[in-house]
Each structure stands twice: as C-alpha cells, then as structure tokens.
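Please read this short report alongside the sequence and the structure.

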Amino acid sequence: MAKPNPSLYSVQKTFFWFAVTSVLLTASLAGIVYIDAKRDWKDYQKAFFKLKAEKATAELKQAASAVDKKELEKLRAEHSAARKTLESNSKSILDLNAKLTAAELEITKTKVVFQDLKQFEDSYRYYYEEYTAHHDPRAASYAAKLAEIKPRVQEAKIKLEKAEKGRDTVQAGLDALLRQEKEAQKKVDQLLDETTRIERKIEAVKPSFAKDLLNAPMLDFIAPTLEIQQVVLENLHDDYHFAKAQKVDRCTTCHMGIDQKGFEDAPQPFRTHPNLDLYLGSMSAHPIEKIGCTTCHGGNGHSVSFIDTAHTPRDEKQKAEWEKKYGWRDLEKWEAKMLPLQYTQAACAKCHTGTVEVPQADKLNLGRNLAVDLGCLNCHKVEGFEGLWKVGPDLTAVASKTDETWVSKWLQDPTRFRPSTKMPRIFHLENQAGADNAKLEDAAIVATAKYLHHHSAHPEVLRAPQGDAAMGEKLIKDLGCLGCHSAAGVTAGTHGPELSSLGSKVNADWLFTWLKDPKRHSATTRMPSLRLSDSEAADITAYLMSQRNEAFDSAAAPKADPKAVDDLILLNLQSKMRHEEAVAQLSKMAPDEKLLYLGERTIAHQGCYSCHDIRGFEQAKSIATELSDEGRKNLHQFDFGYVHDIPHTRQDWIRKKLEDPRVFDHGKVKGYYERLRMPHFGLSEVESEAITTFVLSLTQEEIALEAQDLLTTDEQRIERGRRLIQKLNCQGCHSFDGKDAILRSITEDPGAAPPVLHGQGSKVQEAWLHDFLQHPTTIRPWLKYRMPTFGLTDTETQDIVRYFALLDGRQTSYRGEVLQEVSPDRLAAGKELFEKLQCAKCHQITASSQAMGASFLAPDLTLTKHRLRSDWVIDWIKDPQAMQEGTMMPGFFPDMQSPLPDILGGDAQAQIEAIRDYLYRYDPAAAAESTAS
Amino acid sequence: MICSWNRATLTALLLTLFATQAQAASVSGSASFQGQAPAAEPIKMEADPSCKALHADGIAADDVIVNANGTLKNVFVYVKEGLSGKYEAPKTPVTLDQKGCMYTPKVLGVMAGQPIEIINSDSTLHNVHALPKNSPQFNLGMPLQGMKIKKTLAKPEVMVKVKCDVHPWMASYIGVLDHPFYAVTGEDGSFEIKDLPAGTYVIEAWHEKYGTQTQSITIDDSGKSDVAFQFGV
C-alpha cells in the first residue's frame with residue numbers, strides 16, 4: 001500500500017483548521033439558537049398566557065364561589081350513598097352480568113337458526129316462482145317445500161324474539177341498579193361544569209416543565225406551545241411593485257387576545273379588538289380568516305417584530321413613547337406602512353365601493369360628504385365621484401343679483417361677510433404676502449368682478465312689493481327654510497348658505513324674484529320653489545333685506561392699481577409670446593379691455609368655473625390634480641418644500657395641505673402664476689381629519705372581486721337615489737334611511753314636524769308618489785311646513801320612487817291597488833265602524849273645522865284609494881305611533897282589542913280590514929248627493 | 001319555608017314600626033298669587049258642536065286659575081331632592097276624566113308604574129295623547145261615552161303633558177315620581193305632603209304658565225313645616 005504523499009497536505013494544519021471551523025460553526029449555531037430563542041414574540045406569548053391564566057384563575061374563583069356549597073355537599077352525599085348501595089349490590093350485579101352474557105349467547109344461537117331457515121325459505125320461493133312462470137312441473141315440489149318450511153321459520157323467529165326479550169329484561173334490571181349512581185354523578189358534574197371548564201382552560205395555558213421542554217431551544221421544532229400564528233388570505237395580495245405575494249398576516253402572533261372577549265382592558269398588544277360583532281368574529285362581516293389584519297390597518301403582515309411590521313404612531317407623543325419602549329424607528333423604504341389609528345377608516349373604501357356612505361364609517365363618511373359639499377370634488381377629479389353638481393352659485397346672471405363692489409369685497413375675504421360660508425378664501429393668502437403681492441391680488445380681484453358682471457345675463461326681474469319683515473321672519477321658521485338654511489337667529493341646516501346679511505348683498509327685486517322662482521335665475525340651482533304667494537315672498541324679502549353686515553358695508557372696496565394690472569397682463573402675455581410683442585399688445589389695450597382680459601385670465605388660473613357656472617368657461621377643464629390614487633401616491637412625490645415641523649408622511653402632508661394649503665410654498669422663490677393655488681377653507685380639526693381620511697381612502701388598488709362588497713343592480717339604484725337625496729337635501733326635513741332630519745330636531749311638537757319617511761315605499765302607491773314629487777299638494781293641512789317643488793326631471797322622479805320602493809324591498813310596477821270584491825255586509829260594517837269611531841271628526845275638512853286650527857285638519861280620506869297601499873293602511877290603523885312617532889292619529893285598537901264588540905264579532909283584525917275596504921270606496925260627495933236625492 | 005316566612009313578617013313588622021315613628025313629619029303650605037289675575041280667555045268650542053252644547057254659558061280657559069283668596073290653583077308641589085328610600089307604587093289607579101271636553105283633574109300626580117285610569121265621560125271622540133320624554137308615548141282614541149283605559153308611565157318625569165288632538169284647548173299635566181311625596185293645590189291654594197321622614201329636602205312647585213320655584217327645608221321628627229310659594233307676574 002502506497003504511503004500518502006505527505007507533501008500534499010499537513011495533517012497538523014488540517015487538524016488546526018478543522019478545530020477552528022468547528023468552534024466557529026458551534027459558536028454561530030449557538031448564536032442562531034440564542035437569537036431565535038430571544039425573539040420578541042415569544043416573550044409576548046408567554047406574557048399573554050400568563051395574563052390568560054390569571055384571568056382564568058380569577059374566573060375560576062368567581063365560578064367556584066357561585067357554586068352552591070350546600071347543594072354540592074348534598075349532591076355529593078347523595079352520590080356516595082348511591083355508590084354504597086351499588087357496592088352492597090355487587091353480588092347481584094355480578095349475577096346479572098352473567099345472565100346478560102348467557103342471554104346474549106342465546107340470542108346469537110337462535111339468530112343463526114332463524115337466518116338459516118330464512119335463506120332456505122327465500123330460495124324455495126324463488127324456484128317456485130321461476131318454475132311456475134315457465135310451467136315447469138317441478139313447481140309442485142317447491143310449493144310443498146315452501147309450505148313445509150314456513151311454520152319452522154315462524155317458530156325460529158318467535159324463539160329469537162323471546163331471547164331478545166330475555167336479554168332486555170336482564171339489561172333493565174342491571175340499569176336500574178346502576179342508574180341511581182350514574183344520575184347522582186351527573187348532577188355533581190353539572191354543578192361543577194363551569195369550574196371544570198375553566199380548570200381545563202387554565203391547564204392549557206399554565207406554564208409547566210413539559211411545556212418548557214417543548215419550547216426549549218433546539219427541541220422546539222417538535223410541538224412547541226409558543227408558535228407563530230398566521231392567517232393566509234386566499235383572495236388578497238400584497239403588492240411588491242413587480243411581484244404580487246399572497247397576503248399572510250402574522251399579527252395575531254403577538255396580538256393574541258385580539259379576537260377574544262375579556263381582554264378589553266388588557267395592556268397592548270393583548271387588547272381585544274373593538275366591536276367583535278362587526279370585526280374578526282367568524283360570524284361577523286369581516287372575519288379574520290377572510291379579511292386578515294393588514295387589509296384594513298396596513299403594514300407588513302409577514303413580519304413578527306414591532307419595527308418591521310411598520311407600526312405607525314398616531315401622534316408625536318406616541319412616537320416618543322414607542323421610541324423609548326420598543327426602539328421604534330421609521331421604516332423608510334417600506335411603502336405600505338400601517339395607517340395611524342385615527343385614519344383607519346380610510347381602508348374601508350378599498351372594498352366598499354360605489355356607495356354614497358360606508359355603514360358605520362362615520363369619519364370617512366363625514367370626510368366624503370365634506371369633499372362633496374365644499375366642492376373639493378368639483379376641482380379634483382376622482383374616479384367614482386364624477387358627475388357631481390357644482391356647489392357654488394350660478395354666476396351667469398350675477399349682475400342682476402349684486403354689484404361689482406360687493407363681489408370684489410367678497411373675494412378679498414368671504415368670511416368677513418359671512419363667517420359660516422363654504423366659499424374658501426382664494427386671495428391674500430400667505431404665499432401672496434407683502435405690499436406688492438397685495439396690489440397684484442387686488443388687481444386680479446377687481447378684474448374678476450369686472451369680467452363676471454360684463455359677461456352676465458340680465459334676466460327680467462319682478463318688482464318686489466312692500467312686505468312685513470316680522471311676518472317674513474316667522475315665515476322662514478314656519479315654511480321649512482331652516483331644513484336647508486340657518487336663518488332668523490336659528491342655527492339649523494347647512495345645506496344652503498346661512499341667510500344672513502343679505503341686505504348688504506342683493507337687491508330686493510332680485511331676491512323677490514328668486515324666492516318666487518329660483519329656476520328663473522338659474523336653471524341648475526338646487527334651491528326649490530316653495531310656491532310662495534306674492535305677499536309671502538315680499539315678507540321674506542323684507543326680512544332678509546333688513547339683515548345687514550355694517551362692518552362689511554363700510555369696508556373699502558379693493559382698487560385695481562394700473563401698474564399691477566399691467567404687470568399681471570404682461571406675465572400672461574409673455575407665456576405665449578416674446579417680451580416685445582407682449583409689451584406692444586399691452587399698449588394697444590384700453591383700460592376696460594385690460595381688466596376684462598385680466599379677469600378672464602384670473603378665472604382661468606384659479607379655476608372658479610369648477611364650482612360656479614361662468615359664461616365663457618362652459619368647456620373649461622379643471623385645474624386641480626387628480627386624486628383617484630392619492631392614498632397610495634409615493635411619498636417622494638409629495639413636495640414638503642422647506643416644511644420640517646411635520647412628520648414626512650402621506651397623511652401629515654395631506655392634513656397640512658388641507659389646514660394650510662399654501663404652506664409648502666414657504667421659503668420658495670416663485671413667480672405670481674407659479675404659486676400654489678388651493679384655496680383656504682378654514683377647516684376645523686375634526687373636518688380636516690375627516691377629509692384626510694377620505695383622501696387616504698382614494699386608492700386604485702386591485703382587490704379580487706370575491707373579496708369586494710359588490711353591489712347588486714338594485715343596490716346601485718338605491719345608491720343613485722341616495723346621491724340624489726343628498727343633492728336635494730330631502731333629509732333636512734324628513735327623517736329616513738338612517739338619518740334624522742334637522743327640522744324635526746328643532747320642531748317641539750313631533751306631530752307638527754314634516755313626516756318621517758321610513759317605509760315610504762311600503763306606504764304609498766308609486767304613481768301617486770311620482771305625481772306628488774313633481775307637483776306637491778297639501779296632504780297634511782295642519783303642517784305649516786311646505787313641501788317644495790324641486791322641478792325634478794322624469795328620470796330623477798323615477799329614481800326617487802324606485803329608491804323608496806327598493807329600500808322597502810319592493811320593485812316598482814306603477815300598477816296601483818287592485819280592489820278585491822267585498823261583500824255588502826262588510827262594507828256596511830266598515831261604514832258603521834267609520835261612524836262609531838268618529839273618523840270624520842278629524843278627517844273631514846269643513847269651513848268650521850278649518851277655522852278651528854290645526855287639530856281638526858287630518859288628511860283627506862278621499863285620497864286614500866289613489867295614494868296609499870292597502871296593506872299599509874292596515875298596519876297604520878293598528879298602531880299609528882309605531883309608524884310615525886308623535887302622530888296625532890290615535891290608535892283605536894290597543895293590543896288588538898276593539899272597543900266595539902258588537903261589530904264583526906269584535907274581531908279587531910276583521911274590523912280594521914272592513915274600515916280599510918270602506919276607505920277605498922269612500923266618497924263623501926257621492927254619499928251626500930245620494931242622501932240628498 | 002315557614003321559617004323564612006316568619007322572618008319576612010318580622011321584618012315587615014319592624015319596618016312598619018320604624019315607619020310609624022318617622023311618620024310624624026309633614027310639609028304644608030300654599031301657593032299665593034301676586035298681582036293682577038289675567039283675564040280668562042273664553043274657549044271657542046264651535047268646531048265640535050257636542051262640546052259646545054255642554055257649556056251653554058261658555059267656558060274659560062283653565063291654564064291660570066286664581067282662587068278667591070288670592071292663591072293659585074293647580075300648582076304641583078313635590079319633593080325634588082333629599083329622599084333616599086325606595087317606594088312601591090300603589091296598585092290603586094289615579095283617575096283622569098275627560099268631561100265636558102275638559103280634563104279633570106287638570107294637574108295630577110302619580111307614581112311611576114302606578115295605573116292611570118282614563119275615562120271618557122263625553123259622547124264625543126277624544127284622543128288621549130301623552131307626550132312623556134322618559135317613557136313611551138301613547139295616543140289612543142276614545143270614541144265611546146263611558147270608555148275606560150288603563151295606562152302607566154314607567155319613568156319619573158315632571159311634568160308629562162297630555163293633550164287631545166281633536167280638541168286643541170284640552171291639556172292636562174301629570175307629575176310622575178318615584179315616591180309618594182307630592183300634592184296639588186286646590187280651591188284654597190293650599191297643599192300638604194304627609195308622612196315625610198325627617199331630613200333636608202328641596203321642594204319644587206310647578207305651574208303650567210308660571211314655571212317652577214324651589215325651596216330647601218329641613219324637617220325634624222317633631223312634625224310640621226311650612227313652605228310658602230309665590231307666583232305671579
């Protein structure tokens with residue numbers, strides 16, 4: 001055998017390096033094991049199990065004290081007595097057991113005999129039938145065999161049944177002996193059921209040596225009790241820019257009490273999630289196994305460490321707390337950070353699309369409604385929010401309403417005229433500060449007012465008669481103006497502008513004309529007509545014109561400095577032509593021409609036409625950024641400029657922008673037309689937080705269809721109705737569809753408030769509602785509030801009728817009520833009830849009842865057959881208060897007891913139906929005629 | 001069972017004993033009226049001839065009634081604060097009658113849960129429409145003469161208005177309390193609240209037109225205490 005060549009390697013050196021690498025490997029293995037054993041989540045789980053055991057121990061104590069000690073003693077005594085009896089009977093039990101075995105044996109034996117004979121019988125029958133069918137002579141012998149075996153089968157069967165009966169008797173004897181003890185045991189167990197259950201629970205979470213061993217480093221691959229918890233979400237994905245990974249949420253690894261009741265007051269991360277009926281529970285709308293956690297909260301669900309999961313603090317205070325406690329730092333490179341808690345509702349809109357509001361997401365809904373109401377969505381395009389109405393007044397005929405001076409003073413600062421206005425401030429903001437800028441701003445304002453008036457139409461205006469201001473103030477309160485407006489010293493509706501200081505703004509003739517018919521001034525206005533008489537309109541005009549803002553009146557109007565006008569025009573011209581050409585063109589302009597040109601440029605630059613109808617801008621495109629995916633926009637695309645006093649996060653940028661829209665120009669050198677243009681809305685903190693939530697909710701994230709809350713066609717129609725209801729502010733006066741009317745809240749007697757419209761679709765006939773919406777008439781003569789005429793199109797009217805029908809789960813058919821044949825007896829009973837219950841006392845409008853006042857003026861019952869659905873009439877007569885709280889209509893059948901036992905056998909249901917049948921044929925005029933003749 | 005029954009009886013006996021000892025105290029007084037009594041407006045009952053017929057000589061509104069001795073009728077006086085015990089509502093009903101298209105009595109007190117028997121003594125339709133804020137509202141039609149309904153008001157509330165929507169001049173007020181210490185001033189303007197345990201109380205007097213007034217009083221075991229309320233313009 002050849003010796004190994006020693007020159008190839010040195011054994012000593014090999015040993016040395018082997019030893020070194022072994023030590024290194026062992027050390028690194030130890031390191032790995034150590035790091036793994038020390039992971040945060042393991043400590044959290046241990047702490048949670050301890051907490052759970054403590055809670056369960058407390059529970060056990062309570063359960064144990066709840067157990068009736070005396071009862072337990074008694075039951076235990078009973079049980080041991082039963083045991084003793086049992087033991088004393090042990091011999092007979094043994095005996096019976098032996099008998100039982102013998103009986104079983106007997107059954108087996110007899111069963112074999114019976115089954116054997118039965119088989120023979122079956123086979124004989126088969127051959128007999130077969131041979132008889134084929135006329136085979138052998139049939140006769142089988143007939144004989146069959147006859148012979150039949151009694152034997154019968155006999156075997158009787159024997160088997162006898163054996164079975166014997167066994168049952170023995171068994172019953174045995175059971176009787178054992179029963180007492182079993183039942184006593186069961187009673188004891190039942191009493192201790194709760195404590196046993198808790199004891200088991202404690203056993204499961206209590207630390208023990210066995211568990212320590214299972215969780216020990218290197219052994220914890222077998223069956224550890226500390227484990228990473230996760231939900232794998234089938235239809236949901238995380239977007240890693242170039243790859244989509246299935247969503248896996250491991251949050252419950254630390255948030256162990258999140259879906260368990262009882263940890264509401266526990267420290268984080270163990271606290272129970274609020275509202276488990278809505279979230280996390282398997283029966284809730286958002287089961288954890290389907291929706292997970294990061295779908296709503298954001299963050300990195302794959303990770304199990306506090307920092308890597310991208311927790312986001314809600315404010316500076318929490319940030320400082322976390323830095324201290326967890327060593328928290330911002331995950332700069334991670335896009336999908338958790339939403340701070342105050343903005344969580346932004347995530348609802350990912351799946352809840354296409355609805356006007358998201359159920360229970362109050363903050364998001366407020367933000368959305370504000371964005372609609374303040375006109376944010378008039379300027380900013382957002383997918384899914386197209387086709388909204390312009391929120392500002394129509395300015396195409398502004399000259400007939402107010403003068404240029406008012407407009408320019410208003411534009412300087414709208415809140416100076418009316419602090420509650422929704423019109424934002426556009427000019428004289430912080431990025432236009434300084435004397436020179438102020439001159440430019442004033443020039444732009446004067447030019448804008450000039451343009452608007454120069455291009456205004458001049459529709460014919462009526463002459464306002466002299467009115468009574470005190471009466472006008474009363475009419476504003478009585479007619480229902482407060483459903484939309486705050487006025488006459490009452491803070492009420494905010495749908496329309498507050499009706500203050502109008503004497504400082506408009507002229508009386510215009511106001512009178514507007515009140516008489518708003519559509520005459522503007523075809524697109526949302527203001528309906530209240531069908532005011534001339535004297536009513538004159539009274540309201542007189543009152544509103546008496547309201548003035550003297551400080552505003554006496555304030556100086558802005559002036560257009562000629563140089564400032566020239567400078568701005570030059571800036572505009574230079575963007576299109578060379579400097580010399582621009583100068584030449586400017587020099588050719590007359591002063592008025594200059595102002596009109598600058599006005600046009602200013603309106604175009606500021607985008608006024610997005611919220612107002614302005615002549616000459618019918619086709620103009622909005623100036624603002626599209627926000628359809630703003631909730632996912634990359635952080636580096638947000639220009640924080642030189643603003644360092646806010647955290648550089650998406651939500652903080654948006655909120656700052658809303659609160660202080662020009663702030664990001666701070667410290668920058670920009671030309672007049674390069675500066676930020678978003679106007680200042682003077683939002684409250686609640687409002688800016690709500691709108692920030694709304695903006696964060698705007699994402700175009702692709703969510704699998706299965707995971708979305710998709711709307712059915714009917715639901716889409718309901719939403720279309722809701723949008724229209726929002727536009728017309730029907731809920732300013734009427735409570736329905738989950739909203740309470742402002743007018744109802746300020747009306748002391750609920751019977752005098754506009755009717756509640758819950759269940760309207762089940763109440764009225766579609767054709768009637770359609771006609772009523774287009775041409776309202778008086779239904780409730782006692783109401784001072786007046787249903788306005790909205791000038792709805794046919795499509796809009798049908799949308800509303802269908803909306804009400806669908807809300808009540810009905811489809812529209814416009815078919816009306818089909819009257820069933822009714823016997824003359826029943827009609828006679830209906831008439832008698834109608835008279836005895838004195839329905840006509842209120843439901844008949846006579847000259848004397850009208851003179852009396854409110855209470856005598858119930859709805860005209862001749863309307864019933866065209867207006868109401870017959871099944872609704874039944875429900876209404878049964879319990880009017882239940883359907884219209886505070887109604888003056890009394891119930892006559894409390895607890896379905898009739899006060900008239902002699903009619904229709906006193907059957908309340910039959911009586912109510914008879915009244916209904918009579919009402920559908922009720923015609924007092926015809927009745928009077930027939931009596932007269 | 002027998003044992004526990006005995007104990008209950010004993011407790012009841014002892015309680016009665018204690019109660020009778022403390023029952024010496026009572027609060028009495030009157031509601032006087034200052035100034036010119038407003039002229040009573042006649043009620044126009046033309047709209048319902050059956051009402052009109054019942055008052056051939058006409059009838060005046062009953063919201064302010066100043067008695068001959070210069071006191072005010074229909075003032076509801078009750079202990080507002082200072083009680084600590086629990087009091088069982090009596091089973092015997094209080095009556096509210098609709099007679100001559102007016103409510104009798106105009107002002108009354110009941111305990112929460114105590115039955116109120118509402119009677120229609122007229123031959124015309126009345127509806128009794130109670131407008132409590134703390135208890136469920138009710139509005140029931142009473143079309144027949146002699147008809148009776150029993151209702152209760154579940155929660156304390158001063159005052160609950162009851163109106164008739166058929167006859168808008170009709171209004172009655174019910175003071176609902178969780179104790180029996182209340183009274184209504186009558187023809188002589190006086191009231192008496194009996195059997196009040198010794199202690200310090202806030203007594204409130206309410207009137208439909210003139211609002212409420214409160215006074216604080218301390219009653220010792222010895223007995224009587226006088227309170228005078230003054231209403232007026």
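## A buried strand in chain B

In strand S5(B), Val107(B), Gly109(B) and Met111(B) point one way, while Leu108(B) and Val110(B) point the other way, and all are buried. A residue is buried if 20 or more other C-beta atoms lie within 10 Å of its own, exposed if 12 or fewer, and partly exposed in between, with C-beta atoms placed from the backbone. In a regular strand the side chains alternate between the two faces of the sheet. Strand S5 of chain B covers residues 107–111, and five of its five residues are buried, so S5(B) is largely enclosed by the rest of the structure.

This is a predicted model, in which local features need pLDDT of at least 70 and side-chain atom pairs count only at pLDDT 80 or more, while totals for chains, interfaces and linings use all residues. Residues are numbered from 1 along each chain as its sequence is written, and chains are lettered from A and ligands numbered from 1 in the order in which they are written. Helices (H or I, at least four residues) and strands (E, at least two) are DSSP runs, numbered from the N terminus.

## The sheet around the strand

S5(B) pairs in the parallel sense with strand S11 (residues 171–177) of chain B, over five bridges. Two strands pair if DSSP finds at least two bridges between them. Gly109(B) has Gly175(B) as its bridge partner in S11(B).

The open sheet has five strands, in the order S5-S11-S10-S7-S8 (chain B), and its pairing is mixed. S5 and S8 of chain B stand at the edges with a single partner strand each, so one side of each is left without a neighbour in the sheet. From one strand to the next the twist averages 25°.

## Where chain B touches chain A

How many residues of chain B are in contact with chain A? There are 16, and they are in contact with 21 residues of chain A; two residues are in contact if their C-beta atoms, placed from the backbone, lie within 7 Å. Strand S7 (126–130) and strand S8 (138–142) of chain B each supply at least two residues of the side that touches chain A. The largest share, four residues, comes from S8(B).

By class, this side of chain B has nine nonpolar, five polar and two charged residues. Ala, Val, Leu, Ile, Met, Phe, Trp, Tyr, Cys and Pro count as nonpolar, Asp, Glu, Lys and Arg as charged, and the others, Gly among them, as polar.

## Helix packing in chain A

Helix H22 (residues 562–574) of chain A and helix H24 (residues 591–606) of chain A have axes that come within 10 Å and cross at roughly 55°. Axes are lines fitted to C-alpha atoms, for helices over the stretch in contact, and angles run from 0 to 180 degrees between N-to-C directions. The angle makes H22(A) oblique to H24(A); angles under 35 degrees count as roughly parallel, over 145 as roughly antiparallel, 65 to 115 as roughly perpendicular and the rest as oblique. The residues in contact include Val565(A) of H22(A) and Leu598(A) of H24(A). The contact has six nonpolar, one polar and two charged residues.

Helix H16 (residues 435–454) of chain A also packs with H24(A), at an angle of about 100° and with the axes 7 Å apart. H16(A) is thus roughly perpendicular to H24(A). Among the residues that meet here are Ala447(A) in H16(A) and Gly599(A) in H24(A). This contact divides into nine nonpolar, four polar and two charged residues.
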